[in-house]
Amino acid sequence: MSPDSSIPEAGRQLSDTLYTTDSVPAHQRQTYWREALSQTFAAVDIAVSDEVCSGTIRTSRLGHLQVATVEGEPLRVRRTPPLIARGEDEYLVVKLLVSGVAMVEQDALEVHLQPGEIVFCDLTRPMRMEFPHPFQTKSLVLPRRLLDLGEPDLQRLAATPIRPDTTLGSLLSPFLTRLVDTAATYPSAIGEVLACHTVDLLTVLVGERLHEEVGDTSSAARVLLPRIQVFIDRHLADPDVTPEVIARAHQISVRYLHRLFETEDVTVSRWIQRRRLQECRRELARREAAGRTIAAVARQWGFTSAAHFSRVFRAAYGMSPAEWRDSTARAPRTPPSPSGVSRVSDPVPALRPRRSHLPPARSDVHLAGDAGDTAA
């Protein structure tokens, strides 16, 4: 049978292959589509409704590389450890989202892609990808070894969005589009030369990208970190402030945000939690707030669970919120200093809660920090 109606034999490489569900019986489409994706990229599990299971893959060889254009209906794809264990080849996919939206999750990092954005996917590690609407992607598949990157660099590179307004994105997006669309037209010899130049270009661009992520972090922290901390304080009362929201507001990656806070020896989530606790502690000590419930004070500063607030408050200060309030109520009022400036033991200035103007965050996205920890 022709490639557009059957899956080629395992391991067979075709210079230009079209897979399409158009001529496949409805009851066979899901199996066909899974095998077509697995043949093009790597073995995957898919979840797709039988009613909308349709798609097309056009794939071509370019020397030792492979390119592919994929169009399809809503789809969920998983690359699991058992599937990874089946193969011996180690590949990296450079994927450009042309239309639709996508979610990619790898190494506990979740990225949401818009048209024009690129993501690197490492097929040697578990990953999950979801397209909730009809979509089109253009991909370059290459052996990982060609980029000559160590595991730490590969992990930093994977599942990190590359936006079209960045240096890497502005160069790679049009190049990848043109390469995928024309790969089948080149003679074999030219294809080999193009493949070598493509790897060279990727090596340079990826090296620059990694340098931007980790290079001179201490200098960036001195300039950027204070601005981020002020931003957090301004939105401290918003329970939906997350590393994703913070990173997006400052046009950096979530991974780079975490690297900046490493200079403070604290995670982003711990920093937010610490600041919320400080403000709650200050509010509970105010005699003017004696009529307010502890739960109301906790909600005022972004805690969504009174029980969780009580646990983290005790862990931080060695007493419950109620015990802290009682102890401050019994303490004598501190007389004003001669200069008229009140003595405050907590060096962090008080903040007034503000209504947040942040874009709504996903309800299933939590603050990243220690395992099982959230700032709320």
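I started with Cys 121, which is buried at a relative accessible area of 2%. My cut-offs: buried is under 20% relative accessible area, exposed is over 50%, and partly exposed is in between, with a 1.4 Å probe and protein chains only. Cys 196 is partly exposed, at 41% relative accessibility. I searched the whole structure for disulfides and found 0, a disulfide being a pair of cysteine sulfur atoms within 2.5 Å.

The model is predicted: local features need pLDDT of at least 70, side-chain atom pairs need pLDDT 80 or more, and totals for chains, interfaces and linings use all residues. Residues are numbered from 1 along each chain as its sequence is written, and side-chain values use heavy atoms, without hydrogens or water.

Next I looked up Leu 257. It sits in helix H8, residues 254-262. Helices here are DSSP runs of H or I, at least four residues, numbered from the N terminus. Leu 257 is buried, at 0% relative accessibility. Leaving out residues up to four places away in sequence, I found it touching Ile 228, Pro 243, Ile 246, Ala 247, Ile 252 and Val 268; contact means heavy atoms within 4.5 Å. Val 268 is 11 residues away along the chain, with 7.9 Å between the C-alpha atoms.

Then I turned to H11, residues 306-317. Its buried residues are His 308, Phe 309, Val 312 and Phe 313. Gly 318 follows H11, with a positive phi near 75 degrees.

Definitions and conventions: Helices (H or I, at least four residues) and strands (E, at least two) are DSSP runs, numbered from the N terminus. The expected span of a helix is 1.5 Å times one less than its number of residues.
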